[in-house]
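Here are some friendly notes to read alongside the model.

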Amino acid sequence: MSNSPLAQPALATQERQYILTLGCPDSTGIVAKISGFLSDIGAWITEAHYFSDPESGWFYTRQAVRADELDMTLEEVTAAFSQVVEQFGEQARWRVTDSGAPNKAVILVSKEGHCLQDLLGRVDQNDYPMEVAAVIGNHRDLEPLARAHGIPFHHVPFPKDAIGKRRAFDEVAELVNVHNPDAIVLARFMQILPPDLCEMWTGRAINIHHSFLPSFMGARPYHQAYQRGVKLIGATCHYATQDLDDGPIIEQDVIRVSHKDLPRDMQREGRDAEKQVLARGLRWHLEDRVQVHGNRTVVFE
């Protein structure tokens, strides 16, 4: 277990890369222009993904190049790539990131610790591309777990009245924003983010919902699934938006159940899916493998 204030992954054994992502209106010649740019700067490409969406008319790509083979800094690559992107229109969305710069996350929790324990275990095993700056809980149940991993824990109780709950959210936002995290992870937080926080954290707030959305939105999805008599239950990792449990989906998975399974059985079995789905979806987000268009995502696994 780590004694440092942040649980940090070891990135030294991984090949450092510059990641270039782009989403723009589709047209001819985009791939040729990107390939020509990378060739001109002497880039060694390790991954290249492309997707042209005929429904939206948008083009998406993710390019990974070896940083140690380039005689250019991240800032220089970014400036050069910006000149290429100008050719793709004002709507183009793009970024260049350095895989050697650790991502920072803040995790919001309530009482159930299986997702938190799984994520902290992955970080401690140097198997996850993020630092955990803080854990914030509306109960103290998971404080010992966070502190055992050397991570600061902040307890913010949530009163039932609207005014008290709003003040609690303001305190949470202040605690989160001081870290400017790359991801705000709702690891079974069990509180609905207000619209202004959803907007503030657009594209960074990631929720795990214990259902295969869009089925069984809202509270007690396992009880809803039991009442419906389903034979498959699941979990969904998605970006949090103002529309409850209806944000862009990053990852999903399912588990088979039978008529013998009560809601508590489904809840126990579903925990495995929740952990795996959140871990995969969050990793893809941190590795710049997810691009959002409207309420859909393109995920380059």
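1. A word on terms before the strands: two strands are taken to pair if DSSP finds at least two bridges between them. Helices (H or I, at least four residues) and strands (E, at least two) are DSSP runs, numbered from the N terminus. The model is predicted, so to speak of local features a pLDDT of at least 70 is needed, side-chain atom pairs count only at pLDDT 80 or more, and totals for chains, interfaces and linings use all residues. Residues are numbered from 1 along each chain as its sequence is written, and side-chain values use heavy atoms, with hydrogens and water left out.

2. Start with the open sheet of four strands, which runs β2-β3-β1-β4 with antiparallel pairing. Its edges are β2 (45–53) and β4 (93–98); each has a single partner strand, so one side of each lacks a neighbour in the sheet. On average, neighbouring strands here are turned by 5° against each other, direction ignored. Axes are lines fitted to C-alpha atoms, for helices over the stretch in contact, and angles run from 0 to 180 degrees between N-to-C directions.

3. Within that sheet, β1 (residues 17–25) and β3 (residues 58–66) pair in the antiparallel sense over nine bridges. Which residue in β3 is the bridge partner of glycine 23? You will find tyrosine 60 there.

4. Helix α1 (residues 30–40) touches β1, β2 and β3, and its direction makes about 15° with that of β3. Helix α2 (residues 74–85) touches β1 and β4, with its direction at about 160° to that of β4.

5. The other open sheet has seven strands in the order β7-β6-β5-β8-β9-β10-β11, and its pairing is mixed. Here β7 (153–155) and β11 (249–256) are the edge strands, each with a single partner strand, so one side of each is left without a neighbour in the sheet. Neighbouring strands are turned by 20° against each other on average, direction ignored.

6. At the β11 end, β10 (residues 232–239) pairs with β11 in the antiparallel sense over seven bridges. Cysteine 237 stands opposite glutamate 251 in β11. Helix α3 (residues 114–124) packs on the sheet, touching β5 (103–109), β6 (130–137), β8 (183–186) and β9 (205–209), and its direction makes about 155° with that of β6.

7. Do look at α7 (residues 221–228) and α8 (residues 263–286), whose axes come within 9 Å and cross at roughly 120°. The two are therefore oblique to each other (under 35 degrees counts as roughly parallel, over 145 as roughly antiparallel, 65 to 115 as roughly perpendicular and the rest as oblique). Among the residues that meet are Tyr222 and Tyr226 in α7, and Met266 and Arg271 in α8.

8. A hairpin is formed by β12 and β13, with two residues between them, and glycine 294 in the turn has a positive phi of about 65°. Strands β12 (residues 290–293) and β13 (residues 296–299) pair in the antiparallel sense over four bridges, and glutamine 291 has valine 298 in β13 as its bridge partner.

9. Finally, aspartate 182 lies in the loop between α5 (162–177) and β8. Leaving aside neighbours within four places in sequence, its contacts include Lys104, Arg204 and His285.

Conventions. Contact means heavy atoms within 4.5 Å.
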